[in-house]
Protein chains: 2
Amino acid sequence: MQTVNSNATVIGGGFIGLEMAENLYGLGIDVTIVEASNQVMAPVDYEMALLLNENIRDNGVKLFATDGVDSFVDTSEGIKVKLSSGKTVLSELVILSIGVKPNSKLAADAGLALNEKGGIIVDSHMRTEDESIYAAGDVVEVEDFIFKDKTMVPLAGPANKQGRIVADNIAGLDSTYTGTQGSSVVKVFDLNVATTGANEKALVRRGLVRDKDYTSVILTQNSHAGYYPGAKPMIIKLLFSIDGKKIYGGQIVGKDGVDKRIDILGTAIRFGATVKDLTNLELAYAPPFSSGKDPINMAGFVAENVVNGLVKQAVWNEADTDKESVVLDVREQAELDVFAIDGAVNIPLGQLRKRINELDKNKKYIVLCAIGVRAYNAYRILAQNGFENIKLYPAGVRFYSSTHRNFEEVNEEFVCKY
Amino acid sequence: MQTVNSNATVIGGGFIGLEMAENLYGLGIDVTIVEASNQVMAPVDYEMALLLNENIRDNGVKLFATDGVDSFVDTSEGIKVKLSSGKTVLSELVILSIGVKPNSKLAADAGLALNEKGGIIVDSHMRTEDESIYAAGDVVEVEDFIFKDKTMVPLAGPANKQGRIVADNIAGLDSTYTGTQGSSVVKVFDLNVATTGANEKALVRRGLVRDKDYTSVILTQNSHAGYYPGAKPMIIKLLFSIDGKKIYGGQIVGKDGVDKRIDILGTAIRFGATVKDLTNLELAYAPPFSSGKDPINMAGFVAENVVNGLVKQAVWNEADTDKESVVLDVREQAELDVFAIDGAVNIPLGQLRKRINELDKNKKYIVLCAIGVRAYNAYRILAQNGFENIKLYPAGVRFYSSTHRNFEEVNEEFVCKY
């Protein structure tokens, strides 16, 4: 049994848990996060959460995922938190941030209809079964904006809007709520993480199939023009229908400009944007704020390339799960000296045309570079030379290394199912 | 004749001029800006530009507006810049940033059609009259996204998109440009200023009439929740049709979060958003990034109140131009001690109901408070008590004081015509 001494333990790695952990850490307190599921921040997909794991641990916070709490024992030394794995964490403070459930007792006592989770059922005017009683906020069932079925999403933004809608209707104005898309953002140590619409887990849960019903792109973009000081990379994941006509959702992790890009994307999704629409968005550019092609335009361009069949992206761990695949790293030797992938073939992009015969057309290559631009060019060269089984590793080496940082542990603790 | 000694003079107060002035100032150089029109930053309306004037001058930069250059004389002491007003500025460096015009000689020599400004005429595929020649960037005529007529807008974002569209078409993909809406942002000393869509000057130039064809709201909003450190106010101006079904454009000036809000608004406009749509946008909230009701939601709420007839906003100088109007300041005495408006009537909001008989129903009151919330409540109290000639002073005392900071000079130098 491993015993960890710690001053505070946060149970649950969602919004509240991560914000608590960050703030306690900021006060100089040793923090341990315990999360029962295989990832922190359930609203983002697994590979995006891995970026958070890395940063949380780089900040010296312990993180135990796929591990629940068996018991709390109050001892003279502190609270002994016994985990399912057998580990024990000794803490002066334990914070439970394990989700919310509606406190709808008042509504139940009044005989109003509730859903199976206890959420109050309201119509689009936020009116309950009793036409003189309205309800709003985390306690009500809402329409999922993407799929148009019923869901519950406890977020301040929707609650605030619903409050005004209730007031409007009570005061005689006709006002309706148009559904919740789950737009959210949180600051986690050095990173900001944001999401809007459906994530891939939700698509799979609803029976949608990758490469048949939907696909995704993941890309690295700078928060603003690189020639103006302070630009920071962000990783964007965009989920969309195969024909690019529907955007299901997006997730972004980075140090700067993340909240802006998720709001641009969330606004576009609100209006039923297509992938093509993202390429046409006219976003304000000056070097301190963006690039001539904003990250959200770039997400549209990359997704458009996928829709047009110019490129296919691998998923983040495809080189690990598909044992027949070979990573083709088109970076220069100096870059390989810093970080290289075991078993990868290296041909720098500039030499690819003349060394293309070193590659085997019967093999599957996953092409990788630092960011994705050289890999895209390499992909196109291969495609034009008759290679048919090629994929582009998304978002480049930085994303690869971050998601493979503790890969043995990833393999052991986490199983990515979609 | 007034002579000013200065190390650098920037002629023209647009994007480039202001960026040059800021950077030279950052190097410790004394800067004078000379602008021939009555305001800096032509893409924003006059009252929004006044916010910039204040900040430029607070930073110690001299600004002469409504003043052109008569001549430059090279002397042993430097360049003597003689202005139309008779002023002379002596400078070691003079920068001309007086706008752009297309260099379309290559196209003209090839016999391609140009517009009257010399812009190359292209179709939606960016193809010139000669189907094997494409053109893109600042040199081409584009469609105005709001009004669907022809215009020229030199901006990097549209130019970048057009480049990809040209490449697509040359490579056999069918790709079209969908028009330019003039989204732009610039950092001017402590302020960021951004705009998207049409400004009020453009509406008036096209013959649209205030309160018949269009109206506007101006509001003050914080960049994020006030209870999280570092929130900064921004001033938002939103222009929309009387029925709220069309948003013509928006302008924002502030220290933080301006670029994000203009891009949310620009994206909404791209999809033909109504005022109501802005209230429904689900934007990501956490205290470091926004409020439960984002500034763009709030712009929608305030505009919706105008569309629904719950409130009318005054224009920024209505209390000055309408001599019959009376400013009703509903702030507390402690606030008046800091800043008060000559001739205003003061009744704190909490006393308004019992002191309402002190007011004259035949008079026009322009109601003002610090931000706009108390003034809105006061407006509603007055309206419900039979007052018919009421307006709300937009964006509160901060906006009033900034736009009236050098009001004598404003009156003298600048004439606001719309």
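Visitor: How many residue pairs are in polar contact between chain A and chain B?
Guide: This is a predicted model, where local features need pLDDT of at least 70, side-chain atom pairs count only at pLDDT 80 or more, and totals for chains, interfaces and linings use all residues. Residues are numbered from 1 along each chain as its sequence is written, chains are lettered from A and ligands numbered from 1 in the order written, and side-chain values use heavy atoms, leaving out hydrogens and water. A polar contact is a pair of N or O atoms within 3.5 Å; within protein, one must be able to donate a hydrogen and the other to accept it, and residues adjacent in sequence count only if both atoms are side-chain atoms. With both residues at pLDDT 80 or more, the count between chain A and chain B is 24 residue pairs.

Visitor: Which element gives the largest share of the side of chain A that touches chain B?
Guide: Helices (H or I, at least four residues) and strands (E, at least two) are DSSP runs, numbered from the N terminus. Elements giving two or more residues to this side include α4 (156–170), β11 (184–188) and α8 (295–307) of chain A. The largest share, eight residues, comes from α6(A).

Visitor: How many salt bridges are there between chain A and chain B?
Guide: Side chains of opposite charge can pair when their charged atoms come close. A salt bridge here is a side-chain nitrogen of Lys or Arg within 4 Å of a carboxyl oxygen of Asp or Glu. One of them joins R270(A) to E282(B), with the closest N and O atoms 3.6 Å apart. Between chain A and chain B, the count is eight.

Visitor: Where does R270(B), the partner of E282(A), lie?
Guide: E282(A) forms a salt bridge with R270(B), their closest N and O atoms being 3.6 Å apart. The pair crosses between chains, from the loop between α7 and α8 of chain A to helix α6 (residues 258–270) of chain B.
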